[in-house]
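Look through the sequence and the model, then read on.

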Amino acid sequence: MWFTKCFQLFLITNVIAAAPCFQGNHATAELRSRVIGRCLEFQANMMFNVSCEEKTRNCTDVWEKFSSGFAFKDPCNVKNDTFREYIMATNHYVPKDKAMFWGGVYNLAHRYSNRGQSKVTLEDTMPGYVADGLSFCGDNSTSDGIARENITCPSTFLSANCSSTVSSVFWTSASINFAKSVTGEIFVMLNASRNPIYRNNSYFRMYEVPNLTKGTVTKATVYIVGESPISKGNLCGSESILELKANLAEKDIAFECQENPRDVMNILCGDNPRADVCSSIWKTSRSSRSKMNYHALLYIAFSVFTFSTWF
Ligand code: NFD
């Protein structure tokens, strides 16, 4: 039905310009096996990084709850609570003082979080891990109501004719649930090259910050990271970051901000040594290496001198 509507619209718009109905990606092949596999994988290798005393989830049940959120449903118009059962089935404790949010720095944030060992992102928790990077939606023409890889499923981006996509509802529900679960000190990694850095229509701003719990989340440490040295720019004092500080202050959450912190840069520069920001790191480590050599030489000279005065 929705595909007929979309196809009619496509025919109409195609006469004017070949515009697609929505932005999207081919549905992930073998979705059921992928979801069940990820669920098993998470429980075997990841859960203990994040949470110790969790009951084992039945991964077939997790798949049933996940897929019933969109099977046979219009991919452009799903209800806000369609993944409620899935979130309840996969939800678990998030360790205190380790949760990390991010914006525009997916790869670096996840290299840094190290599968939940260093920090815990939404994608290091079960609700996010199971679906991260998958493309899924409903299709009335298949026996199970789930789109196969020949179908394009709408992405999180919304448009007039696709205003409530399966993906956007999924990530909204998962983001809200994650924000409600975090406690103690939280971390946020944001992309320095975005303007504004704390974007108006980001999931972080729209669904995560408003759902942090006052009195439970005590402090937020924001890392602003980029490939150029940014210390002169004072991005921590930029307008949008001050807005973030004010949004957090409404919930009595203390605020700290660091530009290109050393431990994050070590990871960025390990992967991308030619980035501008890395030259200062190599310089510092070279100068500390030469200081070390100087001390070693001094020690050898002193030992030789002491030794020769004995004899
Ligand atoms: P991002 P963010 N409209 O890097 N999360 O703060 C639509 F429709 O800009 C995780 O938005 O950061 N989509 C995932 C958008 C997805 C828009 C969503 C927009 N205006 C949220 N802006 C995930 N794992 O895939 C961005 N997107 C899409 C949670 C964009 O295409 C994480 O806990 C990209 O796929 C994290 O703290 C994704 O949303 C925060 O929200 C991320 O966009 C990152 O969302």
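## A cysteine link

Cys-76 and Cys-162 are joined as a disulfide, with their sulfur atoms 2.1 Å apart. A disulfide here is a pair of cysteine sulfur atoms within 2.5 Å. The link is left-handed, at -90° about the S-S bond. Cys-76 sits in the loop between α3 (59–67) and α4 (84–90), and Cys-162 in the loop between β3 (152–154) and α7, so the pair ties together parts 86 residues apart in sequence. Helices (H or I, at least four residues) and strands (E, at least two) are DSSP runs, numbered from the N terminus. The whole structure holds 5 disulfides.

## About the model

The model is predicted: local features need pLDDT of at least 70, side-chain atom pairs count only at pLDDT 80 or more, and totals for chains, interfaces and linings use all residues. Residues are numbered from 1 along each chain as its sequence is written, and side-chain values use heavy atoms, leaving out hydrogens and water.

## Around the ligand

The ligand is surrounded by 19 residues, each with a heavy atom within 4 Å of it. The closest are Gly-104, Glu-123, Thr-156, Tyr-203 and Glu-208. β2 (100–103), α7 (166–181) and α8 (203–208) each supply at least two residues of this shell.

Polar contacts are pairs of N or O atoms within 3.5 Å. A ligand oxygen lies 2.8 Å from a polar backbone atom of Gly-104. A ligand nitrogen is 3.0 Å from an N or O atom in the side chain of Thr-156. A nitrogen atom of the ligand is also 3.1 Å from a polar backbone atom of Asn-201.

Conventions. Polar contact = N/O pair within 3.5 Å; in protein donor to acceptor, adjacent residues only side chain to side chain.
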